[in-house]
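Okay everyone, thanks for coming.

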Amino acid sequence: MNALAATNRNFRKASRILGLDSKLEKSLLIPFREIKVECTIPKDDGTLVSYIGFRVQHDNARGPMKGGIRYHPEVDHDEVNALAQLMTWKTAVADIPYGGAKGGIGCIPKDLSISELERLTRVFTQKIHDLIGINTDVPAPDMGTNSQTMAWMLDEYSKFHGYSPAIVTGKPIDLGGSLGRDAATGRGVVYATGALLAEYGKNIKDLTFVIQGFGNVGAWAAKLIHEKGGKVIAVSDITGAVKNPNGLDIAALMNHKEATGALTGFSGGDSMNSDELLTHECDVLIPCALGGVLNRENADHIKAKFIIEAANHPTDPEADEILCKKGVVILPDIYANAGGVTVSYFEWVQNIQGFMWNEEKVNMELEKYMTKAFHNLKNMCKSHNCNLRMGAFTLGVNRVARATMLRGWEA
């Protein structure tokens, strides 16, 4: 089942639990605006090449739309649509005043030079600048984009609208980016994990962890879990996987990866088959990489008692059912990885006020938001007698539905 079908299915389930009016349900599903643009740029050798760019603005009932821009060969309309909708529910679960959006360009970033990427970003921004805005739609980095991409977007947008640091988040610190933004998603995952484990009378320092994906999110989550005394016993990324039953030294592993560009060959652990990582014996499994990695083929063999969805949509609906029957507790992505968008919100607030926070304040506020969201989510689970995923979806959908009705959607 693709991401759009799975998201729609979760939305419909939540809408039935909440007893939403069918007209309102339909209205909430349809995106506010879909943008498709052609971006033609000269390559370094002088030839012209065209790319298709998308921006789906899903909902703005609770505030400006918010969501990443990805550069990836598989950026297609359905995927962008699903991710935009997911952002609407995610910002509502985190209780930050945003709606959802998502965008992207279908390209292979590693095949483009830095100057080609800059030209592509600037052309894309020129095409959409009058449809985004500080109070309309605020982009951020995503797969294949980074703080440099945001700096180019900010510069291009500012040519039309004057200096506007709040137009994008995830910027370099020197251009008004927030301290703590780099670690935010991984740190949010750790705060979310702590809140969930506390509910079961458990603590990070007493448990074993397996982490799939060692990019920004996975590496920060591993580092912070290690600092809290948790045992990270296996880690993988596209280059391979390493394990150590006594716990990996994460700082040493990060240095090794930086030096060699790969996890394999790390002296503080044994290499293992990446395919066996998800079914490795552990207390907590944290998928931080791609969607759909937990499916009906491997769900039966998963030994973890808790799964924290740091990636977007890592669990197929079929796997979801199998794991629920096994009694595995799954903390859903729309809550677990909301740390990134929460600190993006803090960055936007700092830019609008023209007053920057220190890192301690950023992390303290993030912990407050993640903990409060978890308790709100648990209350939805109790009042509707549902699992954590439906607790999160009903919480998010209910907030957006209430805002939509209060603003008068039938007029």
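Predicted model: local features only at pLDDT ≥ 70, side-chain atom pairs only at ≥ 80, totals over all residues.

Five strands make up an open sheet, and if you read across, the order is S1-S2-S4-S3-S5. The pairing in there is mixed. So which are the edge strands? Those are S1, covering 33-42, and S5, covering 137-141, and each of them pairs on one side only. Going from one strand to the next, you get a twist that averages 20 degrees.

Now zoom in on S3, residues 65-71. S3 pairs with S4, residues 99-105, in the parallel sense, and there are five bridges between them. S3 also pairs with S5, again in the parallel sense and over five bridges. In S4, its bridge partner is Gly103, and in S5, its bridge partner is Pro141.

How much of S5 is buried? Four of its five residues are, so S5 is largely enclosed by the rest of the structure. There's a helix to look at here too: H5, residues 147-161, packs on the sheet and touches S3 and S5. The direction of H5 makes about 145 degrees with that of S5.

Staying with the sheet, find Gly53, which sits in strand S2, residues 48-59. Buried or exposed? Gly53 comes out at 0% relative accessibility, so it counts as buried. And what does Gly53 touch, once you skip residues up to four places away in sequence? The answer is Ile35, Lys36, Val37, Gly104, Ile105 and Phe124.

Strand S6 is residues 208-212, and it pairs with S7 in the parallel sense over five bridges. In that pairing, Phe209 stands opposite Val232 of S7. How does the chain get from S6 to S7? It goes through helix H7, residues 216-227, and this β-α-β crossover is right-handed.

S7 itself, residues 231-237, is mostly covered, with six of its seven residues buried. S7 has another partner to show you: strand S8, residues 240-243, runs antiparallel to S7, and four bridges join the two. Look for Ala234, which stands opposite Lys243 in S8. S7 and S8 form a hairpin, and there are two residues between them.

On the H1 side, the contact is made by Thr7, Asn10, Phe11, Lys13, Ala14, Ile17 and Leu18. On the H13 side, you'll find Arg389, Met390, Phe393, Thr394, Val397 and Asn398. Sorted by class, that contact has seven nonpolar, four polar and two charged residues.

While you're in that area of the sequence, have a look at Glu25, in helix H2, residues 22-29. Glu25 has 16% relative accessibility, and the cut-off for buried is under 20%, so Glu25 counts as buried. Leaving aside neighbours within four places in sequence, Glu25 is in contact with Phe11, Arg12 and Ser15.

Last stop: backbone angles. Most residues other than glycine have a negative phi. With that in mind, I picked two residues for you. His313 has a positive phi, near 55 degrees, and it isn't a glycine. His313 is in the loop between strand S11, 306-308, and helix H9, 317-326. The other is Asn385, also not a glycine, with a positive phi of about 50 degrees. Asn385 is in the loop between helix H12, 359-384, and H13.

What about their accessibility? His313 has a relative accessible area of 17%, so it is buried. Asn385 is at 72% relative accessibility, so it counts as exposed.

That's my tour, so over to you.

How values were computed
Residues numbered from 1 in each chain as written. Heavy atoms only, no water. Contact = heavy atoms within 4.5 Å. Nonpolar A, V, L, I, M, F, W, Y, C, P; charged D, E, K, R; others polar. Pairing = 2+ DSSP bridges. Axes fitted to C-alpha atoms, helices over the stretch in contact; angles between N-to-C directions. Buried < 20%, exposed > 50% of the residue type's maximum accessible area, 1.4 Å probe, protein only. Right-handed = clockwise from strand over helix to strand, strands pointing away.
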